[in-house]
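Please open the structure in a viewer and keep the sequence at hand.

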Amino acid sequence: MMAKFLKPREDDDDDIVPTWQSDKPDVNTDNVTSFIFNSNVSLGLEQQKQRLPIFKNKNHILYLLENYQTLILVGETGSGKSTQIPQYLFEAGWCSGSRLIGITEPRRISVTSLATRVSDELRTQLGHIVGYTIRFDDCTTEDVTKIKYMTEGILMREMMTDPLLRKYAVIMLDEVHERTIFTDILMGLLKKILKKRSQLKLIISSATVDAEEICHFFNMSTTNNATILSVKGQLYPVSINYAIDPVPNYVQGVVDTTIKIHESMPVGDILAFVIGLDQIEHIVRLLKEYVNQRTDLKLLVLPMHGSLPNNEQIKVFRPTPRGMRKIVIATNIAETSITIPGIVYVVDPGFVKAQWFNPNTLTNSLVVVPISKASAIQRAGRAGRVRSGHVYRLYTEDNFKQLNNSTPPEMQRTELSSAVLQLKALGIHNILRFAFPSPPPAQNLRVALELLFALGALDEEGNLTKPLGETMAELPLHPIHAKVLLGSGEFGCSDEIASILSLLQVQDIFIKPSSGALALKARVLKRNFEVEQGDLLSLLNIFAFYEQQDNKKEFCHKYFFNYKVLKRATELKAQMISLLRKYNVPVVSSPRNTNAVLKCLTSGFFSNAAYLHHSGAYHTVRGNEELHIHPSSVLYTLQQPQWVIFNEIVHTNRSYMKDLCVIEHDWLLELAPHYYQTVINFGGR
DNA sequence: GAGCACTGC
């Protein structure tokens, strides 16, 4: 059935006002050339700054900050708030003394590009007045840097050494509408800090409508200390078209709609949001078939998703050849992470795949859910970055009105043991009574506390143990991984463990070509590194070979490994090794003793153990949940081992264990007796 | 026989 659309609203008429667009040039510069659209390139920087909508609010913002401790700023992307407000504060003298303005961002790429932009605007060298800090890259100068951009995790780490954040005069949390787990923890902690440091100012910057709720959170149990200001964004107008009837099959809906746009609308590229990889491939195939039937069509159909190899990703950023129209079929990656230039039309089916943690089964489910209003608005905005655009929503206006304002915060749908350990280390004793902006389910907190106790990070009273718990909290790792790393010296294999753990932090190292022949070749080559002990040791094997290569790039190219990812893993490993030295854990290697590595892993992963049930499926030892080996595992095609540990469970149509490791059941009793004493006999039968 | 997207002293 062809999707039908209402006419665009009359008030969304084209009104082209060329102005500076790029609040956040958020294209990953590691991948591609950076595309920063700036239609005011011929204007002086000062003129450009004054054209930003935020400029009109400058004095008002400064006034409000004088009178309120917390300012909640609502403004769409493009308003210039992330770049301008820190400069206004700096010029207004908020950095007198030795204090700084700190701005947090959820992504590293935002941190570096914003800091670069602002230091250009102030005509200073990056790292002097304006600096940034991300993991592995501290580009600030002590006593010189006044405006500091950083990732949220960095500010949280700073709280461990400076709990009241005395270095800062103003903290600005940016992109708060994304509600990452760090944003929520920071808001909870900052609420406490604000009470103790009345001179500290907090700016919460958000793109959406949840401002009232956040304002209420900061006003609770204090005087009216928080206020809201809305700033107009600066995107070109985007006309909104809703489907008249619900679209039953969104794959067909996307295909029909893009074809209809192509046949009836003026030039301009099309971006369609799709849930998953197979749907992308399906739609791309259908559109290509359509293109092939009609030789007169000048259409360029491109897929875009995170696991696409680099050279394929770059294609969507290339300027569309004259007379052609580009159609990009993308996952959610195009919603916030990357900005594709030239998009005028957006097709939005209104669904997304989201991760959900189930504390009863201790598993993550990947579920398809309707997007939020905030996402719908963000997606629509992707059509208005070049000139006025159009969004085609494959759902009705009534459907839109029923959407949640925003996706539930990550805090409410994720595994919490890392977060709880951090809070304990920051002196929050009663986690259940902590002021969470959106409290997580109590069950999720309980499960996290139990795991931390089983790992030995907490004692029976729930206090951080010394030194184990305290040290685990210091490490930038999941508590299970932290436990494994800190124990690796005793097992004589810290080098191997550091390799494995670093590979578990990064994205998939395997490049999966989309062409069938190459995909087969990649799979055959991967076999060279596979070992019967499972995925974690196979990964170690690959990494050991990688480390020995003189020409690492060529090695990766030959075996279809992702060089960029392995390079990042090398950095992570080096950091882990230096952390081991810091905490006096011997850095040793036992390349031939695989059992030592396996036992060391078991000493932390014991709660993620499963045994082969006579039904042919696996069962967790506690909970008795049915599990299966993920088809991507090296164990998938081998004889099923009796006992395994795993790094992760994903629940799609079944529960799959990923990143497996073959173990012996005696090790569980030996290494985690407190956890397994009572249940092991049942499981071991 | 399966894969939304990010991210940390």
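The stops below concern a sheet, a DNA strand and a serine.

This is a predicted model, in which local features need pLDDT of at least 70 and side-chain atom pairs count only at pLDDT 80 or more, while totals for chains, interfaces and linings use all residues. Residues are numbered from 1 along each chain as its sequence is written, chains are lettered from A and ligands numbered from 1 in the order in which they are written, and side-chain values use heavy atoms, with hydrogens and water left out.

**The sheet**

Select the open sheet of eight strands, whose order is 4-3-5-2-6-7-1-8 and whose pairing is mixed. Strands (E, at least two residues) and helices (H or I, at least four) are DSSP runs, numbered from the N terminus; two strands pair if DSSP finds at least two bridges between them. At the edges are strand 4 (137-139) and strand 8 (226-231), each of which pairs on one side only.

Next, select strand 2 (residues 100-105) and strand 5 (residues 147-151), which are paired in the parallel sense over five bridges. Glu-105 has Thr-151 in strand 5 as its bridge partner.

**DNA strand B**

Now select DNA strand B and the 33 residues around it, of which Arg-108, Arg-135, Ile-154, Lys-353 and Glu-474 come nearest. Here, a residue is near if one of its heavy atoms lies within 4 Å of the strand. Which element gives the most to this surface? Helix 5 does, with three residues.

An N or O atom in the side chain of Arg-108 is 3.4 Å from a phosphate oxygen of DNA strand B. A polar side-chain atom of Tyr-636 lies 3.0 Å from a sugar or linking oxygen.

**Ser-502**

Finally, select Ser-502 in helix 18 (residues 494-505). Is Ser-502 buried or exposed? Ser-502 counts as buried because its relative accessibility is 0%; buried means under 20% relative accessible area (1.4 Å probe, protein chains only). Its side chain reaches the backbone oxygen of Ser-499 at 2.8 Å.

How values were computed. A polar contact is a pair of N or O atoms within 3.5 Å; within protein, one must be able to donate a hydrogen and the other to accept it, and residues adjacent in sequence count only if both atoms are side-chain atoms. Buried means under 20% relative accessible area, exposed over 50%, partly exposed in between (1.4 Å probe, protein chains only).
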